[in-house]
Amino acid sequence: MKIPGVEYRTLCKYCNLSNELLIAEEGGFRVYAYDEPFNNGHLVIVPKRHVPLTELSTSELYHALKLVRRAEAVLRRVYNPHGLNVGLVTYPHAAFHVVPRWNGDVSFIKVFFNAKPIPETPMEYARRIRNAWEQA
Ligand SMILES: [Zn+2]
């Protein structure tokens, strides 16, 4: 039931990421340290507008991929991972997740307890990556 006169906003995770986790902002996109990281250094690149992938222009897609490429360079320099995965959420709010991977990083703790120990908090790694981002 909706109450007349009350503004209902979509509860969107990507529209409500904390500014404390913000790493960079450019070309209509924001880069954040993800607050529910799969791994240390997990970043997410999101358009500032609450739009699905189908509503991003070709030049916005190009810019998003340039940010993914920069995220790769920064994460490789800071964490030297064995690999990097990109996961794309398309709807309702497009989001490019960039996740550093290490051999054996799916541990028994994840399998049995659906939890994963991460050596740094997202706030800590946001700080570290923010510094490296400026130098990339
Ligand atoms: Zn959104």
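Biologist: In what kind of crossing does helix 1 pass helix 3, left-handed or right-handed?

Modeller: Bearing in mind that this is a predicted model, helix 1 passes helix 3 in a right-handed crossing.

Biologist: And at what angle do helix 1 and helix 3 pack?

Modeller: Helix 1, which covers residues 58-79, and helix 3, which covers residues 122-135, pack at an angle of about 115°, and their axes are 10 Å apart. That angle makes helix 1 roughly perpendicular to helix 3.

Biologist: Which residues make the contact?

Modeller: Helix 1 contributes Leu67, Arg70, Ala71, Val74, Leu75, Arg77, Val78 and Tyr79, while helix 3 brings in Tyr125, Arg128, Ile129, Ala132, Trp133, Glu134 and Gln135. Sorted by class, the contact of helix 1 with helix 3 has 10 nonpolar, 1 polar and 4 charged residues.

Biologist: Switching to the metal, what are the protein donors of the zinc ion?

Modeller: They are Cys12 and Cys15, each through SG, together with His50 and His93, each through ND1, and they lie 2.0 to 2.2 Å from the zinc ion. Along the chain, these donors follow the spacing C-x2-C-x34-H-x42-H. Cys12 sits in the segment before strand 1 (22-26) and His50 in the loop between strand 3 (43-47) and helix 1, so this pair, 38 residues apart, links distant parts of the chain.

Biologist: Why is the arrangement around the zinc ion called tetrahedral?

Modeller: Because the 4 donor atoms subtend angles of 105 to 116° around the zinc ion. For four tetrahedral donors, the ideal angle at a metal is 109.5 degrees.

Biologist: Now the backbone: which residues does a cis peptide bond join?

Modeller: It joins Tyr91 and Pro92, with omega about 5°, and Pro92 is placed in the loop between strand 4 (83-89) and strand 5 (95-101).

Biologist: Where is Asn80 found, and what is its phi?

Modeller: Asn80 is in the loop between helix 1 and strand 4, and, although not a glycine, Asn80 has a positive phi of about 45°.

How values were computed
Residues are numbered from 1 along each chain as its sequence is written. This is a predicted model: local features need pLDDT of at least 70, side-chain atom pairs count only at pLDDT 80 or more; totals for chains, interfaces and linings use all residues. Side-chain values use heavy atoms; hydrogens and water are left out. Axes are lines fitted to C-alpha atoms, for helices over the stretch in contact, and angles run from 0 to 180 degrees between N-to-C directions. Helices (H or I, at least four residues) and strands (E, at least two) are DSSP runs, numbered from the N terminus. Angles under 35 degrees count as roughly parallel, over 145 as roughly antiparallel, 65 to 115 as roughly perpendicular and the rest as oblique. A crossing is left-handed if the near helix is turned anticlockwise from the far one by less than a right angle, and right-handed if clockwise. Contact means heavy atoms within 4.5 Å. Ala, Val, Leu, Ile, Met, Phe, Trp, Tyr, Cys and Pro count as nonpolar, Asp, Glu, Lys and Arg as charged, and the others, Gly among them, as polar. Donors are N, O and S atoms within 2.8 Å of the metal (3.2 Å for Na, K and Ca); water is not among the atoms, so sites may look incomplete. Four donors count as tetrahedral if all angles lie between 85 and 135 degrees; four count as square planar and six as octahedral if opposite donors are over 155 degrees apart and all others between 65 and 115; anything else is irregular.
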